[in-house]
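Open the model in your viewer and keep the sequence panel beside it.

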Amino acid sequence: MKKAMLRSRYFFSMTVFQKPTVFSWLKKNTIIEVICSLLIILFIYAALSKVSDYDRFTVQLSKSPFITSFSKQLAWGIPAVEILISALLVIRKMRLIGLYASFFLMSSFTAYLLIMLNFSYYIPCSCGGVLEYLSWNEHIVFNVFFIVISAAGAVMQHKDIYA
């Protein structure tokens, strides 16, 4: 009987290769929750550090060669958008919009940083808190990480909603 079971389809249907076991303990909803939590922490921390040191943040923005004329509006707009995106990520029905907004905002920050690194002689760091101690390359890697997880979260959330 045991030999028959080993040769049968029963044995091969229960193999490790046919079932995803590496992350079987993780559910898609858990991964989405972790991604949203990381993004919320990032955006709330960044917004609070910018607002808490508003004068320095405004001065750094005004030193940027590309956004000097918009520095006053951006000084309030960026933290407001970060808080708004965090609120969208908290509300389950709005989470997909929040993930798309996170992807767009982090992509915009990264594109701006790359443009500044390639076309500007002076690069002011308007990041707040711990992030200002990162090198430019570390900052790009940091941003790309959050771009990737926000894209992954958006794809998973989209499939979850429209499946």
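**The whole chain**

Start at the N terminus and colour by secondary structure: the elements of the protein chain run α-α-α-α-α-α-α. The count is 7 helices and 0 strands. Helices (H or I, at least four residues) and strands (E, at least two) are DSSP runs, numbered from the N terminus.

This is a predicted model, in which local features need pLDDT of at least 70, side-chain atom pairs count only at pLDDT 80 or more, and totals for chains, interfaces and linings use all residues. Residues are numbered from 1 along each chain as its sequence is written, and side-chain values use heavy atoms, with hydrogens and water left out.

Now colour by accessibility. Of the 163 residues of the protein chain, 33% count as buried. Buried means under 20% relative accessible area, exposed means over 50%, and partly exposed lies in between (1.4 Å probe, protein chains only).

**Stop 1: the cores**

Select Leu39, Phe43 and Leu99. Within the largest nonpolar core, which has 20 residues, these are the ones with the most contacts. A nonpolar core is a set of buried Ala, Val, Leu, Ile, Met, Phe, Trp, Tyr and Cys residues joined through side-chain atoms within 4.5 Å. At least two residues of this core come from each of H3, helix H5 (71–90), helix H6 (95–119) and H7. H3 gives the most, with 6 residues.

Stay on Leu39. Residues up to four places away in sequence aside, Leu39 touches Leu89, Leu99, Ser102, Phe146 and Ser150.

Next, select Phe57, Ile67, Ala75 and Ile78. They are among the 5 residues of a second, separate core. As background, nonpolar side chains tend to be buried together in soluble globular proteins.

**Stop 2: H5 against H6**

Where do their axes cross, and at what angle? They come within 7 Å and cross at roughly 145°. Axes are lines fitted to C-alpha atoms, for helices over the stretch in contact, and angles run from 0 to 180 degrees between N-to-C directions.

From H5, the contact includes Ile78, Val81, Glu82 and Ile85. From H6, the residues involved include Leu99, Ser102, Leu105 and Phe109.

Click on Glu82, found in helix H5. Is Glu82 buried or exposed? At 1% relative accessibility, Glu82 counts as buried. Beyond its neighbours within four places in sequence, Glu82 is in contact with Phe43, Ala46, Ala47, Lys50, Leu105 and Phe109. Check one distance here: Glu82 and Ala46 are 7.7 Å apart, C-alpha to C-alpha, and 36 residues apart in sequence.

**Stop 3**

Move to Ser49, in helix H3 (residues 28–52). Ser49 counts as buried, at 14% relative accessibility. Its side chain reaches the backbone oxygen of Ala46 at 3.0 Å. That is a polar contact: a pair of N or O atoms within 3.5 Å, where within protein one must be able to donate a hydrogen and the other to accept it, and residues adjacent in sequence count only if both atoms are side-chain atoms.

From Ser49, jump 82 residues along the chain to Leu131; the C-alpha atoms are separated by 9.9 Å. Leu131 sits in the loop between H6 and H7. Leu131 is buried, at 15% relative accessible area. Its contacts, leaving aside neighbours within four places in sequence, are Leu42, His139 and Phe142.

**Stop 4: Thr110**

Select Thr110 in helix H6. Thr110 is buried, with a relative accessible area of 6%. A polar atom of the Thr110 side chain lies 2.8 Å from the backbone oxygen of Met106. Setting aside neighbours within four places in sequence, Thr110 is in contact with Asn143 and Ile147. The C-alpha atoms of Thr110 and Asn143 are separated by 6.3 Å.

**Stop 5: the rings**

How many aromatic pairs does the structure hold? There are 3 aromatic pairs. Select Phe142 and Phe146, a tilted pair: 4.9 Å centre to centre, 55° between the planes. Rings of Phe, Tyr and Trp (its six-membered ring) pair if their centres lie within 6.5 Å; planes under 30 degrees apart count as stacked, over 60 as edge-to-face and the rest as tilted.

Phe142 and Phe146 are 4 residues apart in helix H7 (residues 136–162), so about one helical turn separates them. Phe142 is partly exposed at 23%, whereas Phe146 is buried at 7%.

Conventions:
Contact means heavy atoms within 4.5 Å.
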